[in-house]
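Here are my notes on this model, point by point. Please keep the viewer open while you read.

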Amino acid sequence: MALSGLEIYKLLPQTNCKECGFPTCLAFAMKLAQKGTELSRCPYVTDETRASLDAAAAPPIRLVTVGSGGRAFEIGNEVVLFRHEKTFYHQPGLMVRLRSDDPDLAAKAKDVNEFTVERVGLTLQLDGVVLEHAGGDAAAYAAAAAAVAAAGDAPLALFTADPAALAAAAAAVAARKPLLGVATAASVAAMAAVAKEHGCPLVVRGDGDLESLAALIEAAKGAGVEDLVLDPGASSPAAALALATQLRRLAIKKNQRAVGFPLIAYADAATLEEQAVLATQAVAKYAGVVVLDSADPALVYPLLTLRQNVYTDPQKPIQVEPKLYEIGAAGPDSPLLITTNFSLTYFTVSGEVEGSGVPAHLLVADADGQSVLTSWAAGKFDAEKIAKTVQASGIAERLSHKKLVIPGHVAGLSGECEEELPGWQILVGPREAVDIPTYLKNVWPGL
Ligand code: SF4
């Protein structure tokens, strides 16, 4: 846990010599606590103090990188239990498990690599393949690993109970820095040696309790592997939730860095619906990697959406550029609608306008990325803002009419808008975006 300014001050020489550029040691300490300066600016800090401050500055949950190249993903480095306390920084990797004896292994791996979906202007994708060793010798497993690696550049995980098979497969795809595992008490020494040799992260699996997990962590670290991913080995979804919460609390609230590593969770279930429930729990609390047994879009798309929502910084909503958008071949007679620049709002409204087949001008006001109702309640989407947005856009010169459609949720602003925009007719559109096509096709032509 980060030290406060006063805690840092107690570790400084307290001579106020000013050589750091600050008038007092306290001022320097306060700035350091805010990460606004470097400890190295004080030449009188002892090695002991430096070690204490470095340890305090380390994240409570270690940052671990899975994979290499452009699609590598980072997990860990979280600092809060609940998203609203600050934000969650590193979204869990969603990896799909394939068996090494699958006759369609390469094709399925390719599908995982290439799965993408667009949502609110962003491209969402799966994060890689977990290659489960389904028996066979080490050479066969290594060949399967090479086949999966050749299918695309998404990260890989190699999971086997056989250290010899792990060594062969890891050597075959070492440049991809795969996530290795799964180490148990019986295999941790041999698997840690493989992870150390190739500089790969290692999954260690406990027996469903913190003690066994702690022993494995110690063994892996003792063998020189620092980048660990923890599988608590829970026996049920309830136990998985309890252990994940305990580990997160220990790392963040109790400063127990000994267990401060990202977690892995498995959506092991017979049906797609049950897999979705388990994966949802894991995304929310607190997995760094979630292993799926299916790449079915019916499972993957909701999870990608959930993950995007949970891991969006609540202080920084996803937004689009506030400006005038033309949808279709909008001309002087086309309707003019206005909305806010919350990304989901924009894409929902523009999608419905596009779907209506009626070309239109869509004016997007800068509402700090908030939705219509939220920004209205916060005073960021009022009649004055609407009028200024219309005037700044220059749209009046391009229209043969002066009609503006405002969202139905802010119908109460219509009178004020007409005062702010003399000569304009303010029309109240639908409350819900889904009703926009009907409005544009049936209502607008008669206005
Ligand atoms: S250089 Fe070090 S001792 Fe001098 S004022 Fe700054 S923090 Fe204090």
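1. Start with the salt bridge between Asp293 and Arg97, whose side chains meet at 2.8 Å, N to O. By salt bridge I mean a side-chain nitrogen of Lys or Arg within 4 Å of a carboxyl oxygen of Asp or Glu. Asp293 sits in the loop between β12 (287–292) and α11 (297–310) and Arg97 in strand β3 (residues 93–99), so the pair ties together parts that are 196 residues apart in sequence. Arg97 is buried at 16% relative accessible area, while Asp293 is partly exposed at 32%. The cut-offs are under 20% relative accessible area for buried, over 50% for exposed, and partly exposed in between (1.4 Å probe, protein chains only).

2. A caution on the source: this is a predicted model, in which local features need pLDDT of at least 70 and side-chain atom pairs count only at pLDDT 80 or more, while totals for chains, interfaces and linings use all residues. Residues are numbered from 1 along each chain as its sequence is written, and side-chain values use heavy atoms, with hydrogens and water left out.

3. A search of the whole structure turns up 14 salt bridges.

4. Next, look at Asp127 and Arg307, another salt bridge, with the closest N and O atoms 2.6 Å apart. Asp127 is in the loop between β5 (122–125) and β6 (128–132) and Arg307 is in helix α11, so this pair ties together parts 180 residues apart in sequence. Are these two residues buried or exposed? Both Asp127 and Arg307 are buried.

5. For a local pair, take Glu384 and Lys388, whose side chains meet in a salt bridge at 3.1 Å, N to O. They are four residues apart in helix α14 (residues 383–393), which means about one helical turn separates them. Glu384 is partly exposed, with 40% relative accessible area.

6. On the overall picture, the protein has 16 helices and 17 strands. These are DSSP runs numbered from the N terminus: helices are H or I with at least four residues, strands E with at least two. The C-alpha atoms fill a box of roughly 80 × 70 × 35 Å along the principal axes. Of the 447 residues, 47% count as buried. Among contacts (heavy atoms within 4.5 Å) between residues at least 6 apart in sequence, 64% join residues at least 24 apart.

7. Now the surface. Lys and Arg count as positive, Asp and Glu as negative, with His and the chain ends not counted; each charge is placed at NZ of Lys, CZ of Arg, CG of Asp or CD of Glu.

8. Two surface patches deserve a look. Patches are made of residues with over 30% relative accessible area and no salt bridge, joining like charges within 9 Å and nonpolar side chains (Val, Leu, Ile, Met, Phe, Trp, Tyr) within 5 Å. Glu416, Glu418, Glu419 and Glu420 gather in a negative one. Glu419 belongs to helix α15 (residues 414–420) and is exposed at 66% relative accessible area. Leu6, Leu26 and Met30 make up a nonpolar patch with about 240 Å² of accessible area together. Leu26 lies in helix α2 (residues 25–33) and is partly exposed at 33% relative accessibility.

9. Finally, some backbone details to check. The peptide bond joining Gly181 and Val182 is cis, with omega about 5°, and Val182 is in strand β8 (residues 179–183). The bond from Lys285 to Tyr286 is also cis, with omega near -15°; Tyr286 is in the loop between α10 (272–284) and β12. Which phi value does Lys18 have? Phi of Lys18 is near 75°, positive in a residue other than glycine, and Lys18 is exposed at 52% relative accessible area. Asn255 has a positive phi too, near 60°, and is found in the loop between α9 (237–252) and β11 (263–266).

Note on methods: Accessible areas come from the Shrake-Rupley method with a 1.4 Å probe; for residues, only the protein chains shown count as cover.
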